[in-house]
Amino acid sequence: MTRAYNFSAGPATLPETVLRQAQAEMLDWNGVGASIVELSHRGAEFMGVAAQAEADLRKLLSVPDDYAVLFLAGGATTQQALLALNFAAPGQVVDYIVTGHWGKTAIKQVKPYVDVHVAADGEPGGFHDIPSRAGWTLSPGAAYVHITANETIHGVEFRDTPDVGDVPLFADFSSSIASEPLDVSKYGLIYAGAQKNLGPVGISVLLVRRELLERAGQPRADIFNYASHAARDSMLNTPPTWNWYLLGLVVKWMLDEGGVEEFARRNAAKAELVYGAIDGSGGFYRNQVVPAVRSRMNIPFFLPDEALTSRFVSESKAAGLLALKGHKAVGGLRASLYNAVPVAGAQALVDFMRDFQQRNG
Ligand code: PMP
């Protein structure tokens with residue numbers, strides 16, 4: 001059996017080591033005579049797995065002690081809605097910086113609950129750049145400022161954490177968490193769906209400064225209350241145990257490989273290869289994002305026409321390079337280069353791109 005290089009934007013490729021370990025432990029986890037997915041979340045076995053995953057994630061991301069780490073069922077979109085319910089009073093103003101598709105989604109989720117102010121919007125520029133900080137119109141008294149650290153579809157990434165003063169900065173790190181060192185203390189809250197860099201879909205991770213959990217927020221059911229989840233170590237109800245277990249294996253793998261510094265190095269090398277192939281193609285391949293904010297995780301790129309694009313998609317798939325079709329919102333092609341994509345995968349893609357150009361350019 002050969003595993004293809006998988007450039008899917010998410011659910012995405014997982015480290016082979018992790019999949020093999022999960023396979024080996026599937027029928028009998030640690031000699032208990034049952035799979036971890038068959039055991040109670042309140043039993044000593046799973047509680048151990050859960051605690052280890054949290055400890056390892058705290059280590060991987062250098063999470064300060066005054067931050068709670070939550071493991072929550074569901075995806076990033078659910079967290080986007082819960083931000084308003086937990087941290088803003090009804091009708092209070094919240095500031096959003098829109099740098100692509102997911103920033104717009106984040107706004108859609110909170111609109112029913114708060115007064116959304118778009119403090120900066122990259123859409124008039126086609127989301128090819130991040131509006132400069134000097135032009136942001138932040139609101140005094142905002143409950144928080146929200147950014148999308150990496151836009152998975154438009155391929156735009158914040159390279160530095162913006163300074164937004166005393167208002168807490170909230171960030172969607174779904175597609176770039178653990179891709180490089182991160183100063184968590186600069187954020188009030190960080191959230192991420194796991195299905196890109198952290199593991200399987202079905203679980204999200206939230207890092208939140210504990211003092212923010214004291215905010216009254218809005219009337220909501222207890223299950224939508226982050227403070228309740230924090231008070232019960234993310235076991236307010238039955239958590240997605242299988243996903244949590246797999247996430248733990250992925251985090252452990254990242255630590256074993258050298259942590260976020262090592263992944264930053266590999267991710268820079270992969271991105272340099274692919275952008276190099278695009279920029280060196282004499283216009284055959286195009287990526288219009290301003291180089292200073294180009295995403296290292298998701299690289300959208302375009303060919304001169306539709307016919308070439310579909311030929312690229314089918315031929316690359318046949319060559320063992322999976323999931324290079326672009327998102328339908330923008331079309332074209334997209335290579336997602338998450339932590340589990342090896343440098344050799346990016347090299348194989350670049351070799352294919354050059355060969356394809358020679359045959360079709
Ligand atoms: N934010 C970002 C940056 C994403 O890439 C995605 C999914 N691709 C989402 C939010 C939505 O995540 P989910 O599907 O887990 O709700």
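User: What percentage of the residues of the chain count as buried?
Analyst: Of its 361 residues, 55% are buried. Keep in mind that this is a predicted model.

User: How many helices and strands are there in the chain?
Analyst: The chain has nine helices and 13 strands. Its radius of gyration is 21 Å, close to the 21 Å that the globule rule gives for 361 residues, so the chain is as compact as a globular protein of that length.

User: And what does the C-alpha trace span along its principal axes?
Analyst: About 60 × 60 × 30 Å.

User: What share of the contacts joins residues 24 or more positions apart?
Analyst: Such pairs make up 68% of the contacts with a separation of 6 or more.

User: What about positive and negative side chains?
Analyst: There are 31 positive and 37 negative ones, and the centres of the two sets are 5 Å apart.

User: Which residues does UniProt list under "binding site"?
Analyst: An unreviewed UniProt entry lists Arg-42. The annotation "binding site" also covers Ala-76, Thr-77, Trp-102, Thr-152, Asp-172, Gln-195, Asn-237 and Thr-238, again from an unreviewed entry. Those eight span 163 residues in sequence, and the farthest two C-alpha atoms are 30.6 Å apart, so they do not all gather at one spot.

User: Where is Arg-42?
Analyst: Arg-42 is in the loop between helix 1 (16-24) and helix 2 (44-60). With a relative accessibility of 46%, Arg-42 counts as partly exposed. Leaving out residues up to four places away in sequence, Arg-42 touches Met-47, Arg-232, Met-235 and Leu-236.

User: Is Asp-172 buried or exposed?
Analyst: Buried, because its relative accessibility is 4% and the cut-off for buried is under 20%. Asp-172 belongs to strand 8, residues 169-172.

User: What does Asp-172 touch?
Analyst: Not counting residues up to four places away in sequence, its contacts include Trp-102, His-146 and Tyr-191. Trp-102 is also among the residues under the UniProt "binding site" annotation.

User: Last one, where is Asn-237 found?
Analyst: In the loop between helix 5 (226-231) and helix 6 (241-257). Asn-237 has a relative accessible area of 40%, which makes it partly exposed. Neighbours within four places in sequence aside, Asn-237 is in contact with His-41, Ile-223 and His-229.

Terms used
Residues numbered from 1 in each chain as written. Predicted model: local features only at pLDDT ≥ 70, side-chain atom pairs only at ≥ 80, totals over all residues. Heavy atoms only, no water. Helix = DSSP H or I, 4+ residues; strand = E, 2+ residues; numbered from the N terminus. Rg over C-alpha atoms; globule rule 2.2 N^0.38 Å. Buried < 20%, exposed > 50% of the residue type's maximum accessible area, 1.4 Å probe, protein only. Contact = heavy atoms within 4.5 Å. Lys, Arg positive; Asp, Glu negative; His and termini not counted. Charge placed at Lys NZ, Arg CZ, Asp CG, Glu CD. UniProt positions renumbered as here; feature names shortened; annotations may be inferred.
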